[in-house]
Amino acid sequence: MAQPDTKKIFFENLSGTGKAIAVLTSGGDAQGMNAAVRAVVRMGLYVGAKVYFIHEGYQGMVDGGENIEEASWESVSSMLQVGGTVIGSARCKEFRSHEGRLKAAHNLVLQGITNLCVIGGDGSLTGANLFREEWSGLLTELVDQGLIEADAVQKYSALHIVGMVGSIDNDFCGTDMTIGTDSALHRIIEVVDAIMTTAQSHQRTFVLEVMGRHCGYLALVSALACGADWVLIPEMPPEDGWEDKMCQKLSANRAGMKRLNIIIVAEGAIDQNNRPITTENIKNLVVKCLGFDTRVTILGHVQRGGTPSAFDRILASRMGVEAVLALLETTANTPACVVSLRGNQSVRLPLMECVQMTQEVQRAMDGKRFEEAVKLRGRSFENNLRTYKLLAHRKPESELPVSNFNVAVLNVGAPAAGMNAAVRSAVRVGISEGHKMFAVSDGFEGFYKGQIREIKWADVGGWTGQGGSLLGTKRTLPAKHVEKIAEQMRMNNINALLIVGGFEAFESLLQLYEARTTYEEFCIPMCMLPATISNNVPGTDLSIGADTALNAIVETCDRIKQSASGTKRRVFIIETMGGYCGYLASVGGLAAGADAAYIYEEPFDIKDLQANVEHLTEKMKTSIQRGLVLRNENCNENYTTDFIYQLYSEEGKGVFDSRKNVLGHMQQGGAPSPFDRNFGTKISAKAMQWVTKKLTETFRQGRVFANTEDSCCLLGMRRRALVFQPVVQLKDETDFVHRIPKEQWWLKLRPLMKILAKYKTSYDVSDSGQLEHVIRNRPKESDGSVAM
């Protein structure tokens, strides 16, 4: 892969020698904090710095002694998959006082620590910034009290702070996703999916309370991900008279043969007068007005618990490495910064700008300026709210625009979790835009056979959480049947086409575009949404279904590694799917803490295999008990899974034994993750709005005629933006023989996996975060909540 013409550092030139970095977790715990701690420790040690744990957050810093402990490579082994924070977290009143911060400064100077990595919420990060501002004055006081030598003031003149936001609420402005949010959504959706089965059995209404005292992100996204009937959040209180509207909605859904209702309430939900809305209030209201059997479930601290999701492990690992890079590059004049994620990119933001904007949200809510509060939360939050309203609340027929356009939606290629969420979203947005929606069963095979039917709003109820493809999907390409497909389009008067699928869908759209010269039926707006676990579609960084597959891989790897707990040293060779695309093996390897991942995009030979075995043997002798090696199914036709297993077994004799496991189609199955439900729902809604726009633009003299390149597009995520790209322009970016894009962003994550597995390697920092301002406008299409 061609490297950008920018700075590329090798670790022999990036030195942390002589520096001491301390890492602490503060405030409420969040899943993924341990992954961040692990990344900071290992990256810090890798560049030659001393790294310290500060146990029990700021309390440990104030108390000193054994609470400040030097970290080793081995001390963070086996913590990647552990929830909470292994080094402890505590709220500390003493640190809020000047005397407490004086003690903390003394304890840091005793260890020579002048670099702090703080993982916590806005309160923890604000405290760190105040500590930094007071630092030189605190050192002077310590000299006056005779606690440190005078030369220490010069030696430790500046305290450098880098923050990472660990909070399940996702309530920190400037970052699209905070560490722990995705895992909390996993816990919520697991509960909602379980509750739905019992609610359906008894025709019950369930009112669920989720965390979020001041931020409704968890409530809003979980409502979007499960198709809840009603959601209540603090940023957008319901209008007066909402009680009647909610009861009418619940009643209408039951009349439409729906056997259950789900209402999701953020714990900080309020009405227009800032009065709290509780789950008990809602239960009593539903029972009184409708007489429905209604139950309340308060999820509580379940949302904070459990193992971190694949997304949170990758996010935390990336941010941990980025935090160390930021500390190495900082100067006395560099402001305290937060490392975070926007879209698919790392960024560094001035800490206090983020804190001030976060506080502005609360001030706007206190002042009843709720629309302003939603805007301050960012484009991602705004888009989530807009999409939920569009999908959950059906307009009366009299209020719908009349377009007289027919839009067909179909799945093409292998099934991927999240396809059904995308179809549901397309159908409902299409109906809201005034179109008549048609569902095509079994892809293009069903298309040419005439398996086309109109699909209504209620037909897609409950689809969001369903895995696989409810429409049915086949790998059949349209080229051989193009005449019959054109005939079916003419018979059903299809004016636009939305295809949800993988590489076959991309090839299909290219074939339909080329068929325009022969068949005018294909001169219509056509759009494709990438949906494949392999994540091998050109024009997009992410595909619907890939996150669910990653979670399946990571959960299985956790169980496999645990199976060797307490036994002798063991190495597991795991084969993943993906065709020739190494995304699942590489990113799954990073999330699962793999020692190596073999992929087609990075050729390897027997010398590389031998070096990996020797490296693992050395680690096994000194520290770790279990090794993990991932292999993409098509990485090399000769170095098969069996070959690698036999090689490791033979070369590891006397040190470790080996086991192999082929994960197979379990990577394709299961309920979609919250990320895939949300991603599929939002990009599908965006695609349908594009279809409407194109239909309006190309409708002339009583017919739709669209034959330009920009009327046949793929909607993909590129860095920070969702972008419509003409498929014909993506041909040059595609390796059609191996069915992969020629350039793939995630290859830049591979060095991270190697660094965290103790390999010497180079690391391209051209994509590392640059200091930006939080108030800067984002790109128009940005929607970071779909970012990995």
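This briefing walks through some helices, strands and contacts of the structure above. The structure is a predicted model, in which local features need pLDDT of at least 70 and side-chain atom pairs count only at pLDDT 80 or more, while totals for chains, interfaces and linings use all residues. Residues are numbered from 1 along each chain as its sequence is written, and side-chain values use heavy atoms, with hydrogens and water left out. Helices (H or I, at least four residues) and strands (E, at least two) are DSSP runs, numbered from the N terminus.

- Let's start with an open sheet of seven strands, which has the order 4-3-2-5-6-11-12 and mixed pairing. Two strands pair if DSSP finds at least two bridges between them.
- Strand 4 (68-70) and strand 12 (345-350) stand at the edges with a single partner strand each, so one side of each has no neighbour in the sheet.
- From one strand to the next, the twist averages 25°. Angles here run from 0 to 180 degrees between N-to-C directions, and axes are lines fitted to C-alpha atoms, for helices over the stretch in contact.
- Helix 10 packs on the sheet and touches strand 2, strand 5, strand 6, strand 11 (337-342) and strand 12. The direction of helix 10 makes about 140° with that of strand 11. Contact means heavy atoms within 4.5 Å.
- Helix 11 (residues 351-366) also packs on the sheet, touching strand 6, strand 11 and strand 12. Its direction makes about 85° with that of strand 12.

**Strand 5, inside that sheet**

- Strand 5 (residues 115-120) is mostly covered, with six of its six residues buried. Buried means under 20% relative accessible area, exposed means over 50%, and partly exposed is in between (1.4 Å probe, protein chains only).
- Asn115, Cys117 and Ile119 point one way from strand 5, while Leu116, Val118 and Gly120 point the other way.
- Strand 2 (residues 20-25) runs parallel to strand 5 and is joined to it by five bridges. Leucine 24 has valine 118 of strand 5 as its bridge partner.
- Strand 6 (residues 160-165) also runs parallel to strand 5, with six bridges between the two. In strand 6, histidine 160 is the bridge partner of asparagine 115, and methionine 164 is that of isoleucine 119.

**Two helix pairs**

- Two packed helices are described by the angle between their axes and the distance between the axes.
- Helix 1 (residues 33-46) and helix 10 (residues 310-329) have axes that come within 7 Å and cross at roughly 35°. Their crossing is right-handed. A crossing is right-handed if the near helix is turned clockwise from the far one by less than a right angle, and left-handed if anticlockwise.
- Helix 1 contributes Ala35, Ala36, Ala39, Val40, Met43 and Gly44 to this contact, and helix 10 contributes residues including Arg313, Gly320 and Leu325. By class, the contact has nine nonpolar, three polar and one charged residues. Here Ala, Val, Leu, Ile, Met, Phe, Trp, Tyr, Cys and Pro count as nonpolar, Asp, Glu, Lys and Arg as charged, and the others, Gly among them, as polar.
- Helix 7 (residues 217-226) and helix 13 (residues 379-392) pack at an angle of about 40°, with axes 10 Å apart. These two helices are therefore oblique to each other. Angles under 35 degrees count as roughly parallel, over 145 as roughly antiparallel, 65 to 115 as roughly perpendicular and the rest as oblique.
- The crossing of helix 7 and helix 13 is left-handed. Among the residues making the contact are Tyr217 and Leu220 of helix 7 and Phe381 and Tyr388 of helix 13.

- Helix 7 is largely enclosed by the rest of the structure, because 10 of its 10 residues are buried.
- Its cover includes helix 6 (181-202), strand 9 (261-266), helix 13 and helix 22 (674-698).
- Just after helix 7, glycine 227 takes a positive phi of about 70°.

**Strand 21 and its partners**

- Strand 21 (residues 626-632) has six of its seven residues buried, so it is largely enclosed by the rest of the structure.
- Strand 19 (residues 570-576) pairs with strand 21 in the parallel sense over seven bridges. Strand 20 (residues 596-598) also runs parallel to strand 21, joined by three bridges.
- Arginine 631 of strand 21 stands opposite glutamate 575, and it is also the bridge partner of tyrosine 598.
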